[in-house]
Amino acid sequence: MVAILPLRLEGAEVCRKGKRLLGPVDLTLSPRGFTAVMGPNGAGKTTLLRLMHGLERPSAGRIAWLVPEQKARAAQAFVFQTPVVLRRSVLDNVAYPLRLHGWARDAARALAADWLARVGLADAADRPATVLSGGERQKLALARALIRAPQILFLDEPCANLDGRSMREIEAILSAAHRDGTRIVMATHDLGQARRLAGEVLFLYRGRIHEAGPAAEFLAAPQTAEARAFIGGEIVE
Amino acid sequence: MNEILQGMARAAWLVVTLDADLVEIALRSLQVTLTAVAIASAIGLPLGALLAVSRFRHRRAAIATLNALMGLPPVVVGLVVYLLLSRSGPFGVFGLLFTPTAMIVAQVMLLTPLIASIAHQAMRDLWADYHDLLISLNASRAQRIRALIWDGRRALLTAALAGFGRGIGEVGAIMIVGGNIDHSTRVLTTAIALETAKGDFALALGLGFVLIALALAVNFAIHGLARTEAGSRW
């Protein structure tokens with residue numbers, strides 16, 4: 001497959017109803033690595049991820065993958081904060097992205113079953129996806145996102161509202177994907193999670209990248225007052 | 001009161017003896033309306049889904065129009081179809097007027113907006129759920145519509161059943177374009193209208209009970225087949 005990274009954002013902005021939600025953002029995402037996007041609520045984490053993935057149109061500036069956007073989209077995946085489950089069986093949910101790209105039903109289901117085993121949902125394959133618990137839904141969404149072996153995976157707070165065990169399982173899946181060469185960009189609130197997983201951190205504040213750097217350095221000694229307050233557990237608005 | 005009792009007795013007798021005329025009329029009713037529902041669903045269900053996933057300039061006006069067309073007066077539809085199919089009309093050469101086909105055409109025109117509108121309501125809610133995921137997965141418009149129709153099939157069944165309900169009980173349009181000709185275009189509703197006009201209330205009531213039973217039977221059969229409300233299905 002043709003490489004789609006690095007991704008370059010130049011002066012990218014998102015405005016809605018005259019209000020600027022994000023930007024201007026200048027950013028280059030290298031082909032490898034694990035980036036945690038951090039910042040207080042409303043800082044623009046979700047908007048930044050959606051913008052990069054193409055779910056939001058930039059109001060100004062530009063976003064450039066190495067290849068044209070349509071082609072690049074096929075090599076990306078997105079896991080939403082509230083997982084979207086299709087009203088069909090768990091197995092068919094995971095097989096769906098393959099079916100969209102013309103795989104035969106049996107082949108798609110075979111690979112989907114393989115992925116369900118990897119995320120620990122093998123027993124639930126034939127159940128309706130709508131009866132899964134929160135943690136199971138998120139694992140389903142992860143399997144569905146990873147099944148087409150994307151070059152880059154965006155995650156929007158995948159572990160919000162999950163208990164410790166689900167979180168550990170999801171982090172293990174993410175670590176494995178990262179080891180296999182998937183570029184990961186994850187929004188998270190959780191400092192511990194950023195410490196465990198991330199190689200670099202983007203700290204967003206009021207719609208702009210306020211600070212960026214290697215995770216270890218950022219978490220140990222943030223440069224800006226807002227980031228210091230955020231990491232120190234103070235309420236940052 | 002006496003007439004209702006007589007009607008029920010007459011109806012029971014007609015049903016028990018499988019009266020040839022009654023069976024013929026009932027089957028024609030089913031044939032006309034089921035065919036019309038099938039055709040109207042084939043048009044209306046994808047149309048409803050398309051309206052749910054598309055954003056175009058006059059979308060709101062299109063939806064408002066569709067909703068208004070749900071209340072299309074059957075008599076007027078019958079009149080329009082009559083004019084289209086009559087000997088001097090644009091489709092007169094096909095000689096379809098006063099045939100079951102003409103009745104099906106009229107019912108398709110009546111049922112399509114109803115089915116499309118109900119389908120659109122259901123698809124709109126499902127699309128709100130699916131929107132982000134299907135965009136993210138880069139699904140084409142046809143694939144989005146297919147996903148909505150497949151995953152929303154139970155809601156769409158309701159739309160089709162509503163169409164059946166309107167069609168099976170409808171008399172205005174099929175009376176005009178069908179003509180209520182014995183052994184040719186007579187159906188339950190037109191027969192009831194005729195018997196009432198003749199003053200044969202017992203037979204009219206009997207046919208009425210058969211009509212209601214038929215509508216109930218079809219609904220139960222379809223619910224049974226689709227297993228709606230069975231267990232923890234979605």
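Chain A of this predicted model contains nine helices and nine strands, where helices (H or I, at least four residues) and strands (E, at least two) are DSSP runs numbered from the N terminus. The radius of gyration of chain A, taken over C-alpha atoms, is 18 Å, close to the 18 Å given for 237 residues by the globule rule, so chain A is as compact as a globular protein of that length; the rule is 2.2 Å times the number of residues to the power 0.38. Of these 237 residues, 44% are buried, that is, have 20 or more other C-beta atoms, placed from the backbone, within 10 Å of their own.

Residues are numbered from 1 along each chain as its sequence is written, and chains are lettered from A in the order in which they are written. Local features need pLDDT of at least 70, and side-chain atom pairs count only at pLDDT 80 or more, whereas totals for chains, interfaces and linings use all residues.

In chain A, the axes of helix 5 (residues 134–146) and helix 6 (residues 164–179) come within 10 Å and cross at roughly 10 degrees, the axes being lines fitted to C-alpha atoms over the stretch in contact, with angles running from 0 to 180 degrees between N-to-C directions. The two helices of chain A are therefore roughly parallel, a term for angles under 35 degrees. Their contact (C-beta atoms, placed from the backbone, within 7 Å) involves residues including Leu142(A) and Leu146(A) of helix 5 and Ile170(A) and Ile173(A) of helix 6.

In chain B, Leu188(B), Thr189(B), Thr190(B), Ala191(B) and Ile192(B) of helix 9 (residues 188–198) are buried, and the buried residues of this helix pack against helix 2 (20–53), helix 8 (172–178) and helix 10 (201–226) of chain B.

Methods:
A residue is buried if 20 or more other C-beta atoms lie within 10 Å of its own, exposed if 12 or fewer, and partly exposed in between; C-beta atoms are placed from the backbone. Angles under 35 degrees count as roughly parallel, over 145 as roughly antiparallel, 65 to 115 as roughly perpendicular and the rest as oblique. Two residues are in contact if their C-beta atoms, placed from the backbone, lie within 7 Å.
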